[in-house]
Amino acid sequence: LVSARPFDPASHIAELAHERPDAVAVALPAGDISFGALEARVQARVAALLDLGVRPGSTREIVLTRGPDTLVEALASLRLGVTIVALRPEDPPAVQAEAHIHVAARIGAGLPKGTTTLIDATAGRVAVVHGDTWRWAASAVAAAAGLAPGERVLSTTRSGVSWLVEAAAALSHGATLDLVPSAQLDDAWDARDHLEAAPPSVVFGDVQALRPLIDEKALPAKTRLILWGGDVAFEASATKEGFIGLVIEGPPETAGALTARPLGLPSDRRSAGRCLPGARVRVVDGSHSRCPVGVHGFVEVECAGGKPTVSSLRSRWLPDGALAELKGPAGTLRRHGNVVEPLAVAAALVALGATDAHVDVRPSDAGERLVGFVVLGPGTPTTTALRASLADHFAPEAVPAVILEVRSLNRAAGYVDGRGL
């Protein structure tokens with residue numbers, strides 16, 4: 001018997017370069033890049049890395065931002081089988097420095113041998129994405145999105161492992177990846193002109209990236225949206241405008257991909273959807289025992305036959321076989337696949353000079369957001385100064401949208417009742 005070779009996006013892109021060298025792989029305003037030209041650039045970079053002494057099992061830091069140069073760098077590193085530490089440019093130096101410490105500790109504890117590994121260090125947190133898992137994620141996302149050769153796929157995710165997954169998903173299935181510069185997407189008029197001239201069939205992104213395009217009616221109707229993480233208000237607006245698509249969710253350990261459900265799920269039934277093919281999922285308690293249907297527990301994931309990983313996310317099985325909404329620890333906020341702990345943010349506010357602090361997750365028109373409440377004394381920093389200091393030490397999603405000064409925080413019961421603030 002001959003077992004099927006596991007799907008490897010990086011290798012399959014090379015095969016497409018041989019089969020369809022003139023087909024457009026990456027679309028750019030300055031000029032398209034064919035599969036043949038992309039492969040030539042990747043091979044040249046592989047040779048340069050080998051000359052620099054990079055070998056399988058080496059560790060390389062890459063700031064994963066959307067763009068052709070980063071794409072070539074990532075594909076060359078994946079082709080060599082190195083461990084990639086994925087950083088994000090918008091993280092302040094203090095966050096990246098903290099990430100380096102956690103990454104060094106994780107590498108010191110040992111990584112899988114003989115397989116590419118992605119270490120997602122994009123928000124001061126470190127999540128290890130095993131090589132088989134990220135390859136599975138790219139393949140499963142492409143299948144769920146129904147990507148076909150020749151389709152135009154607009155990538156709006158700005159950075160991180162999720163961007164690499166969507167890029168690999170599109171290219172490995174023969175689609176054309178539209179990497180229009182982020183500055184052009186940020187300008188509603190420029191974005192509309194570009195999308196009218198080259199309408200995409202599929203658009204990847206999160207709520208923050210896609211909301212302006214929907215609000216400004218820059219996207220053609222019936223475009224398939226592949227959304228990283230759900231949002232009730234945004235989904236209602238998108239489906240009202242005639243858009244269809246999927247919401248994909250998952251823990252950082254699976255590159256943000258684990259479940260999929262149709263866009264526009266009614267708000268009275270918050271389901272993460274069904275697991276993507278190839279993922280074995282259990283919901284377990286603290287002793288790793290299987291939880292019955294309807295009982296919350298931690299999500300344990302095994303992708304493509306790899307080692308089972310228990311994530312920090314919690315969920316429960318619904319009677320119809322779908323997973324309920326994926327949640328972080330109680331009172332947390334999830335942004336871009338990262339879990340933000342309000343207690344840690346409140347502790348940081350006190351460390352930065354507040355007399356006392358409390359941080360809550362509050363609903364808003366744009367979805368959930370962090371709101372901080374601080375007690376200030378003589379000589380303590382202002383709320384504006386505290387927020388600026390947080391921005392220097394925390395990732396953007398961990399900085400409260402607003403910090404309000406209050407006279408006191410009622411801790412008579414041993415905790416702060418946020419409903420009274």
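Reader: Is Ala218 buried or exposed?
Author: Ala218 counts as buried, because its relative accessibility is 6% and the cut-off for buried is under 20%. Keep in mind that this is a predicted model.

Reader: Okay, and where does Ala218 sit?
Author: Look in the loop between helix 9 and strand 10; Ala218 is there.

Reader: What is Ala218 in contact with, leaving aside its neighbours within four places in sequence?
Author: Arg192, Leu195 and Leu213. There is also a C-alpha separation to look at: Ala218 and Asp190 are 28 residues apart along the chain, and their C-alpha atoms are 9.3 Å apart.

Reader: What about Lys217, buried or exposed?
Author: Lys217 counts as exposed, because its relative accessibility is 55% and exposed means over 50%. Lys217 belongs to the loop between helix 9 (207–215) and strand 10 (224–228).

Reader: And what's the phi of Lys217?
Author: Near 55°, which is a positive value in a residue other than glycine.

Reader: How do strand 11 and strand 12 run, parallel or antiparallel?
Author: Antiparallel, with four bridges joining strand 11 (residues 244–249) to strand 12 (residues 259–262). Val247 stands opposite Arg261 of strand 12.

Reader: How many bridges are there between strand 12 and strand 13?
Author: Two, and that pairing is antiparallel. Strand 13 covers residues 271–275, and its Cys275 is the bridge partner of Thr259.

Reader: New topic. What is the order of the strands in the open sheet of four?
Author: The order is 3-4-5-6, and the pairing is mixed.

Reader: Which strands stand at the edges?
Author: Strand 3 (59–63) and strand 6 (127–130). Each has a single partner strand, so one side of each is left without a neighbour in the sheet. On average, neighbouring strands of this sheet are turned by 25° against each other, direction ignored.

Reader: In what sense do strand 3 and strand 4 pair, parallel or antiparallel?
Author: Parallel, over five bridges, with strand 4 spanning residues 83–87. Glu61 stands opposite Val85 in strand 4.

Reader: Which helix lies across strand 3 and strand 4?
Author: That's helix 3 (residues 68–80), running at about 160° to strand 3.

Terms used:
Residues are numbered from 1 along each chain as its sequence is written. This is a predicted model: local features need pLDDT of at least 70, side-chain atom pairs count only at pLDDT 80 or more; totals for chains, interfaces and linings use all residues. Side-chain values use heavy atoms; hydrogens and water are left out. Two strands pair if DSSP finds at least two bridges between them. Buried means under 20% relative accessible area, exposed over 50%, partly exposed in between (1.4 Å probe, protein chains only). Contact means heavy atoms within 4.5 Å. Axes are lines fitted to C-alpha atoms, for helices over the stretch in contact, and angles run from 0 to 180 degrees between N-to-C directions.
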